[in-house]
Amino acid sequence: MANEEDDPVVQEIDVYLAKSLAEKLYLFQYPVRPASMTYDDIPHLSAKIKPKQQKVELEMAIDTLNPNYCRSKGEQIALNVDGACADETSTYSSKLMDKQTFCSSQTTSNTSRYAAALYRQGELHLTPLHGILQLRPSFSYLDKADAKHREREAANEAGDSSQDEAEDDVKQITVRFSRPESEQARQRRVQSYEFLQKKHAEEPWVHLHYYGLRDSRSEHERQYLLCPGSSGVENTELVKSPSEYLMMLMPPSQEEEKDKPVAPSNVLSMAQLRTLPLADQIKILMKNVKVMPFANLMSLLGPSIDSVAVLRGIQKVAMLVQGNWVVKSDILYPKDSSSPHSGVPAEVLCRGRDFVMWKFTQSRWVVRKEVATVTKLCAEDVKDFLEHMAVVRINKGWEFILPYDGEFIKKHPDVVQRQHMLWTGIQAKLEKVYNLVKETMPKKPDAQSGPAGLVCGDQRIQVAKTKAQQNHALLERELQRRKEQLRVPAVPPGVRIKEEPVSEEGEEDEEQEAEEEPMDTSPSGLHSKLANGLPLGRAAGTDSFNGHPPQGCASTPVARELKAFVEATFQRQFVLTLSELKRLFNLHLASLPPGHTLFSGISDRMLQDTVLAAGCKQILVPFPPQTAASPDEQKVFALWESGDMSDQVLLEIFSKNYRVRRNMIQSRLTQECGEDLSKQEVDKVLKDCCVSYGGMWYLKGTVQS
């Protein structure tokens, strides 16, 4: 209080904030010169600026008539820079160093606390500064002199060598192709000093015109430093409390915050992670960890997270392998990316990594050489795949990194069943792409089989006998129930049924086969006892069976759901092979909720009978003897009852020909329909049922490339 009384207020000055030049006002700090000499007195020859970098270059004249100027030094510098011959590109056209360049550098990056003040008529007008630049002499002319000197030396050496050698020697040139740049390498390159310098150099200069202190244009621009509403009008910009106004003029320093270490861009703290949606949390965790048990994932997400929601989210970004979750390949290798080692596209990498994952669903051990042989990928890519999910063991191969999680398998059978369907579809795709030998593929791959172990033959037989005894009573009751469902109450007139004795043992074997062997959707599971899509006893051409399954089959919920799927599928695609239909059915199962009736198991026979009952007909396409198509790919079904006449004629053509020319199809359609069909009508029929390859037309799904 005593100090305040000793320092009374002498005068109060009104302060105004001018914003007309707030985004354009720069403060230039020139080198120190004698007080009697100002920079405004020196002629400014040119000025230019790079606005984004806030970089300025000023070119000022040097007074060569000043007694302190050394003329011999000026001539020597001009000679070194431009040489003896002066032209338009010369830096010093007068052969004398008569000008000097000043380049700017930023003194501070934060100019929000600085302002230019203009005091006039008892009022203080403040304008915020956009930048503060220090101007220093530029010695780039010395670099130009060195470059000229090196050019002269190179020219002299070239002249001497041309006199000694009559002709140039032929030199070997090594051509190298650069690998595709990965995302991490690109980020490092963008953050490098060389890249930033190149980017700064690419920004164009904006040339300016310099106006002196006493110029009329300068007087006009100086008026913008005054607040326009200061004369008797209240300034609405300053309707704030004194403390808020002071905070606007001098905001708190942010240097301490900038000095704090910043985490890398790919590192996310758990606190930041939990602010994201659940799906993003799961994706980020799986992308970084790559392999994780479900229990560990739940512990990372927190106790308040619903396990059902986590199960729903994890299936979108990961696949189940030996009870553990492994991140999907397309998450690690997104579209339009490529390998940092070989440059192969992401699609090929995803296919190769899926093969490695599928191998681990069959066994705990994988051999890298086998993977490289099948996928045809380089050793570095294969090693990356294996390091994601396995550890190497000397003289053994690569072992899956986590132990088998039997607890999760027992606790979530519905999820395991859906994952098994997905793996079945992936297996069929891999067999087709890599041309895998079917004898080496397991007949019924179980994606979540237990841990591998060595079991002797006697133990296997004993386990099989025990299991058969336990299921005997259940199978017998199921057999009686199915017999009652399949019993036909009346026989149409004129039809004779031949009864053949069937032993009880044969019935049990057949029923056990139907019970224990659900639909095998892999191309290797070709043991359904069907001849070209029909039961062996009906494959001789009994057309009356098409569309008429045994009574009682359509009464169960499973049959109704299956028939609805078949009808909807054939409404979208008129022609399908059995292999393609099974693939679509597996995808349909994967989209169903857990516990759906279709998870009870669908056999090949039941699927084909449902197709025939839905108004479809089997087309006996005569495949060539040397065809590589599997039996399931040779079974072709087409929508018949609801199709028009042109479709039926087309299907009859392909029942006698494997491939047909377009003119033959058009002539046959014209003959059967009784009128000339236009090109558009023929194209519509072909588009629905056929595909063109090598100038010939094939039924969809039957072409072998």
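Predicted model: local features only at pLDDT ≥ 70, side-chain atom pairs only at ≥ 80, totals over all residues.

Modeller: Residues are numbered from 1 along each chain as its sequence is written, and side-chain values use heavy atoms, with hydrogens and water left out.

Colleague: Why is cysteine 227 called buried?

Modeller: Buried means under 20% relative accessible area, exposed over 50% and partly exposed in between, with a 1.4 Å probe and protein chains only; cysteine 227 has 9%, so the label buried applies. Cysteine 350, at 13%, is therefore buried as well.

Colleague: How many disulfides does a search of the whole structure find?

Modeller: The search finds zero, a disulfide being a pair of cysteine sulfur atoms within 2.5 Å.

Colleague: What makes the pair of phenylalanine 623 and tyrosine 658 tilted?

Modeller: The structure holds nine aromatic pairs. For phenylalanine 623 and tyrosine 658 the ring centres are 5.3 Å apart and the planes stand at 45°. Rings of Phe, Tyr and Trp (its six-membered ring) pair if their centres lie within 6.5 Å, and planes under 30 degrees apart count as stacked, over 60 as edge-to-face and the rest as tilted, so this pair is tilted. Both residues are buried.

Colleague: What puts the charged end of lysine 48 over the ring of tryptophan 205?

Modeller: The criterion asks for NZ of Lys or CZ of Arg within 6 Å of the ring centre and within 35 degrees of the ring normal; the charged end of lysine 48 sits over the ring of tryptophan 205, 4.8 Å from its centre.
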